[in-house]
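Q: I've got a new model open and I'd like to learn how to read its aromatic contacts and overall build. Can you walk me through it?

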Amino acid sequence: MTLETFFHLPVLTEAVIQGLNIQENGHYLDATVGGGGHSELILNSGKNIKLTALDQDESAIEAAKKRLAFALPEQVKFHHINFSQYHPETEFDGILADLGVSSTQLDQPERGFSFNKEAPLDMRMNPHQTLTASDIINHWDETTLADIFYQYGEERHSRKIARRILQQRPFYHTTELASAIALCFPPQKRYGRIHPATRVFQALRIAVNNELENLKTFLETSPHWLKPEGKIVLISFHSLEDRLVKHGFREHPQLEVLTKKPIVATAEEKQKNPRARSAKLRVAQRINPNLTNP
């Protein structure tokens with residue numbers, strides 16, 4: 001894996017830097033470092049910035065190390081870990097998490113995230129974990145599959161799709177699964193702007209990587225990692241994530257919500273970076289107990 005193959009354009013960059021309110025000598029956590037795009041901006045936004053970078057994908061860590069090689073060794077620390085399992089040894093001035101699968105992971109056929117090219121049904125963000133999309137598709141029962149497609153993909157044809165999968169399995173490749181899913185839709189809906197398998201593939205990815213449960217854990221624990229008045233910035237890419245972030249920020253006793261509505265990309269950014277079209281950014285701040293009323 002090279003830096004060039006993992007490079008991706010970070011989304012909502014101005015909103016991220018403003019939301020984090022980068023301070024000189026600050027220490028920041030990038031909980032999903034990916035290719036290092038946001039981390040590079042953070043390090044270049046002030047003097048003597050320190051950064052801790054997490055990612056569950058080893059290839060992302062290696063790419064980020066190359067991209068951030070301009071920083072001094074003592075400035076940046078990397079951890080190969082899912083953000084829900086992280087236990088920091090210090091408090092941070094700000095925390096950033098850019099949720100979801102990266103465009104680079106989607107573009108790697110062997111990872112099995114996309115149905116645009118034939119690939120094994122994998123979808124693991126951490127290649128060391130055992131559960132794959134193939135395990136789910138070929139071994140889980142019809143009711144569980146239908147529930148996953150409906151809850152994680154908001155797919156209205158979930159039961160019909162689950163029934164067809166059981167009739168036709170085993171499936172070994174992304175393209176054959178996508179074709180079977182498409183046949184569950186009327187002919188006029190099989191060739192629209194959005195492929196009919198999109199929601200099911202999203203649901204499978206979420207299930208394989210336990211994304212929503214990991215996000216819930218992160219939303220509960222990460223505010224405790226902030227210094228008083230430290231900022232947390234989360235970028236989500238679909239309604240399930242954004243809903244969790246919205247309520248997680250509102251309901252956490254140590255947070256004050258700073259964005260009444262999510263920040264979205266400008267028309268110009270959407271044109272330059274299609275990935276930004278569905279991005280929603282929310283910001284919260286850890287309450288300073290010394291400033292609250294008795």
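Predicted model: local features only at pLDDT ≥ 70, side-chain atom pairs only at ≥ 80, totals over all residues.

Q: How many aromatic pairs does the count come to?

A: Rings pair when their centres lie within 6.5 Å. By that rule, you get four aromatic pairs here.

Q: Take Phe83 and Phe218: what kind of pair are their rings?

A: Look at the angle between the planes, since under 30 degrees counts as stacked. The ring centres of Phe83 and Phe218 are 4.3 Å apart and the planes sit at 15 degrees, so this pair is stacked. It also ties together distant parts of the chain: Phe83 lies in the loop between β3 (76-80) and β4 (92-98), while Phe218 belongs to helix α11 (residues 211-221), 135 residues apart.

Q: Are Phe83 and Phe218 buried or exposed?

A: The cut-off for buried is under 20% relative accessible area. Phe83 has 8% relative accessibility, so it counts as buried. Phe218 comes in at 0%, so it is buried too.

Q: And what geometry do Phe115 and Phe201 have?

A: Planes over 60 degrees apart count as edge-to-face. Phe115 and Phe201 have 85 degrees between their planes and 5.0 Å from centre to centre, which makes them an edge-to-face pair. Here, too, distant parts of the chain are linked: Phe115 is in the loop between α5 (103-107) and α6 (133-139), and Phe201 is in helix α10 (residues 198-209), 86 residues apart. As for cover, Phe115 has a relative accessible area of 17%, so it is buried. Phe201 is buried as well, at 3%.

Q: Zooming out, how many helices and strands does the protein chain have?

A: There are 13 helices and seven strands in the protein chain. The radius of gyration is 20 Å, close to the 19 Å that the globule rule gives for 294 residues, so the chain is as compact as a globular protein of that length. Its C-alpha atoms fill a box of roughly 60 × 45 × 40 Å along the principal axes.

Q: What about the surface and the charges?

A: The accessible surface comes to about 14700 Å², and carbon and sulfur atoms own 49% of that. The chain carries 35 positive and 35 negative charges, whose mean positions are 7 Å apart.

Terms used. Residues numbered from 1 in each chain as written. Heavy atoms only, no water. Helix = DSSP H or I, 4+ residues; strand = E, 2+ residues; numbered from the N terminus. Rg over C-alpha atoms; globule rule 2.2 N^0.38 Å. Areas by Shrake-Rupley, 256 points an atom, 1.4 Å probe, with all protein chains shown as cover. Lys, Arg positive; Asp, Glu negative; His and termini not counted. Charge placed at Lys NZ, Arg CZ, Asp CG, Glu CD. Phe/Tyr/Trp six-rings, centres within 6.5 Å; stacked < 30°, edge-to-face > 60°. Buried < 20%, exposed > 50% of the residue type's maximum accessible area, 1.4 Å probe, protein only.
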